[in-house]
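Please open the model in the viewer and keep the selection tool at hand. The stops below are meant to be followed in order.

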Amino acid sequence: MESRDLDGAVRVQVPGKVNLALAVSPRREDGYHELVTVFMAVSLYDVVTATPARRGRLTVEVSGEGADQVPLDMSNLALKAAALLRARYGDEELGVHLSIEKRIPVAGGMAGGSADAAAALLACSVLWGLELPASALYELAAELGSDVPFALMGGCALGTGRGEQLAPALCRGSYDWVFALAPRGLSTAAVFADFDRFSAGTTTPRTVVDELLTGLASHDLDVIRDAMCNDLTRAAVRLYPGILTTLEDGLDHGGVASIVSGSGPTVAFLCADTDDAVDLAVGLSTFPEVRAVHRAHGPVPGARVLSNS
Ligand code: C5P
């Protein structure tokens, strides 16, 4: 799984995710919400390259999709990941420069920041020769954010707790997706706060999530379509009304089902096959509220070290 560049750089590829089910319980005392969710990792990847830096310096640069919206100070989740890893398992002389190439939309509901944190954990652990067991990385991942463990794991998984407790889900075959990106992002915290104002918690019965898992295990698109659900949809639409047209009218151009991805505003379309996905992508690109369209497939593996570059 691990490899290291000749000049000491470690490149890690990490996928974005879509939640096919997202059932949200009322806010807990710690401010988080208990979730029952089904994650799928999709082939929209960020790449994080870690190179050694002297005297304990931790720095980051970002290029690609939405790079100008990503902070470069210690509020950057990938830098926080490097700092946490070093504090727990390294020494203060260890430094790193992280270079993040973004394709996962920033603040798009596809866990892009979490993905970069997962990639940074893996890249720095290899760069610094820490030789940690996977369980240690998962523990740090859960401290960094609710979606970070899934970005390490990838595939398809049932998430509980605040989303950080994972069990692999059986998933037969591959699924075609089209993602319609919105012109601006949404803050996950703001979407959850709006959910709190207008909702007393999930109305999605657990049986719906179980149906979804059954559909994924048998690759039954009808069952999956009927069970896809996201309790954050109304909050995301209230904060970003423009995505309602994409959600509803997008299906006129093809696709089996549409859903707000996580806390939005990206809208995800499940398609029957690649041809349908191509047609839908062309149709969506004419929508005024759609900034960009990406096709992807899933499930794909979680964060992994690329071959030497
Ligand atoms: O865990 P993470 O830091 O990625 O979450 C970002 C924000 O999303 C949290 O500060 C919280 O407001 C909200 N959140 C939540 N319940 C969850 C996950 C996230 O309320 N289960």
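**Backbone stops and the ligand site**

Begin at Glu131, which is located in the loop between H2 and helix H3 (134–144). This is a predicted model. Display the backbone torsions here: Glu131 is not a glycine, yet its phi is positive, near 50°. The residue counts as exposed because its relative accessibility is 75%, and the cut-off for exposed is over 50%.

Next, select Arg55, in the loop between strand S2 (33–53) and S3. Arg55 also is not a glycine and has a positive phi, of about 50°. Its relative accessible area is 67%, so Arg55 is exposed. As background to both stops, most residues other than glycine have a negative phi, and most peptide bonds are trans.

Select Gly264 and Pro265: the bond joining them is cis, with omega about 5°. Pro265 belongs to the loop between strand S9 (257–260) and strand S10 (267–271). Then move to Gly298 and Pro299, where the peptide bond is cis and omega is near 0°. Pro299 sits in the loop between strand S11 (292–298) and strand S12 (304–305).

Now colour strand S3 (residues 58–64) together with S4; the two run parallel and are joined by seven bridges. The path of the chain from S3 to S4 passes through helix H1 (residues 77–89), and this β-α-β crossover is left-handed. Within the pair, Glu61 has Ser99 in S4 as its bridge partner.

Follow the chain to Arg103, in the loop between strand S4 (95–102) and helix H2 (112–127). Is Arg103 buried, partly exposed or exposed? It counts as partly exposed because its relative accessibility is 38%. Beyond its neighbours within four places in sequence, Arg103 is in contact with Ser43, Leu44, Tyr45, Asp46, Glu65 and His294. With His294 there is a polar contact between the two side chains, at 3.4 Å.

Finally, centre the view on the ligand. Which residues surround the ligand? They are Gly31, Tyr32, His33, Leu35, Gly145, Ser146, Arg162, Thr188, Ala189 and Phe192. Draw distances from three of these residues. A polar side-chain atom of His33 is 2.6 Å from a ligand oxygen atom, and a polar side-chain atom of Ser146 is 2.6 Å from an oxygen atom of the ligand. From Arg162, a backbone N or O atom lies 3.0 Å from a ligand nitrogen atom. The ligand taken alone exposes 440 Å², of which the protein buries 76%.

Technical notes:
Residues are numbered from 1 along each chain as its sequence is written. This is a predicted model: local features need pLDDT of at least 70, side-chain atom pairs count only at pLDDT 80 or more; totals for chains, interfaces and linings use all residues. Side-chain values use heavy atoms; hydrogens and water are left out. Helices (H or I, at least four residues) and strands (E, at least two) are DSSP runs, numbered from the N terminus. Buried means under 20% relative accessible area, exposed over 50%, partly exposed in between (1.4 Å probe, protein chains only). Contact means heavy atoms within 4.5 Å. A polar contact is a pair of N or O atoms within 3.5 Å; within protein, one must be able to donate a hydrogen and the other to accept it, and residues adjacent in sequence count only if both atoms are side-chain atoms. Two strands pair if DSSP finds at least two bridges between them. A crossover is right-handed if, with the strands pointing away from the viewer, the path from the first strand over the helix to the second runs clockwise. A residue is near a molecule or strand if one of its heavy atoms lies within 4 Å of it. Accessible areas come from the Shrake-Rupley method with a 1.4 Å probe; for residues, only the protein chains shown count as cover.
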